[in-house]
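Here is a briefing on one protein model. Look over the sequence and the fold, then read on.

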Amino acid sequence: MATTTTGLLDALPPQTRGRLLELARDVSFPARARIFEEGHRADRFWIIRTGSVALDLHVPGRQPAVVETLGPGDLLGCSWLFPPYSWHLGARTQSPVRADEFDATVVRALCEADAVFGRAVARRVAQIVAHRLQGARTRLLDLYGPQGSASTAR
């Protein structure tokens, strides 16, 4: 699996990665399927194996703004780890997707029970959130800001 800036598995120590993968459930979604909606309960997450997913942000009076596109190896869903456990973005498949799905409650319980596992997962998810926040900021400036503002914001 290629290392990506928004991947979870490759950034985890082998033992932690193995423990997480033991909890995975194979799922698939057809093209153009809505996986989750901004503001709804975040009770699971996925690691994409094949296909692509667009993360989008609700913009009043406009179509949702796509802020990032995820592919194989990427973590889909970060809101499951942080209260109040509700999605901050929406997600729609751009092509058929196969993924490993994880029950957030089970993974959070494992994070609480095993401090080493919990720190490794929380650290990597926090890095992914920071990366996505910067990407979303830049994308929104590109779409809605004054011309040239995204290039100066980096």
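Over how many bridges do E4 and strand E7 pair, and in which sense? E4 and E7 (residues 90-93) are antiparallel partners over four bridges. The model is predicted: local features need pLDDT of at least 70, side-chain atom pairs count only at pLDDT 80 or more, and totals for chains, interfaces and linings use all residues. Residues are numbered from 1 along each chain as its sequence is written, and side-chain values use heavy atoms, with hydrogens and water left out.

**Overall make-up**
- The protein has four helices and eight strands. Both are DSSP runs numbered from the N terminus: helices are H or I with at least four residues, strands are E with at least two.
- From the N terminus, the order of elements is α-β-β-β-β-β-β-β-β-α-α-α.
- Of the 154 residues, 42% count as buried. Buried means under 20% relative accessible area, exposed over 50%, and partly exposed in between, with a 1.4 Å probe and protein chains only.
- Among contacts with a separation of 6 or more, 74% join residues 24 or more positions apart. A contact means heavy atoms within 4.5 Å.

**The four-stranded sheet**
- An open sheet of four strands runs in the order E1-E8-E3-E6, with antiparallel pairing. Two strands pair if DSSP finds at least two bridges between them.
- Strand E1 (25-29) and strand E6 (75-76) are at the edges with a single partner strand each, so one side of each has no neighbour in the sheet.
- Strand E3 (residues 44-50) pairs with E6 in the antiparallel sense over two bridges. Ile 47 has Leu 75 in E6 as its bridge partner.
- Helix H2 (residues 104-113) lies across E3 and strand E8 (97-103), at about 55° to E8. Axes are lines fitted to C-alpha atoms, for helices over the stretch in contact; angles run from 0 to 180 degrees between N-to-C directions.

- E4 is mostly covered, with five of its five residues buried.
- In a regular strand, side chains alternate between the two faces of the sheet.
- Val 53, Leu 55 and Leu 57 point one way from E4, while Ala 54 and Asp 56 point the other way.
- E4 also pairs with strand E5 (residues 65-70), antiparallel over five bridges. Ala 54 has Thr 69 in E5 as its bridge partner.
- On the E7 side, Asp 56 stands opposite Gly 90.

**Thr 69**
- Thr 69 sits in strand E5. Its relative accessibility is 42%, so Thr 69 counts as partly exposed.
- Leaving out residues up to four places away in sequence, Thr 69 touches Ser 52, Val 53, Ala 54 and Gln 94.
- Thr 69 and Thr 93 are 24 residues apart along the chain, and their C-alpha atoms are separated by 9.4 Å.

**The largest pocket**
- The largest pocket has a volume of about 340 Å³. On a 1 Å grid over the protein atoms alone, a pocket is an open set of points where a 1.4 Å probe fits, with protein on both sides within 12 Å along at least five of seven lines. The volume is the space filled by probe spheres set on the points, which are joined across faces, edges and corners.
- The pocket is lined by 14 residues, and Cys 78, Ser 79, His 88, Leu 89 and Val 129 lie nearest its centre. Lining residues have an atom within 4 Å of a point.
- Strand E4 (53-57) and helix H3 (115-144) each supply at least two lining residues. H3 gives the most, with four.
- The lining divides into 10 nonpolar, three polar and one charged residue. Ala, Val, Leu, Ile, Met, Phe, Trp, Tyr, Cys and Pro count as nonpolar, Asp, Glu, Lys and Arg as charged, and the others, Gly among them, as polar.
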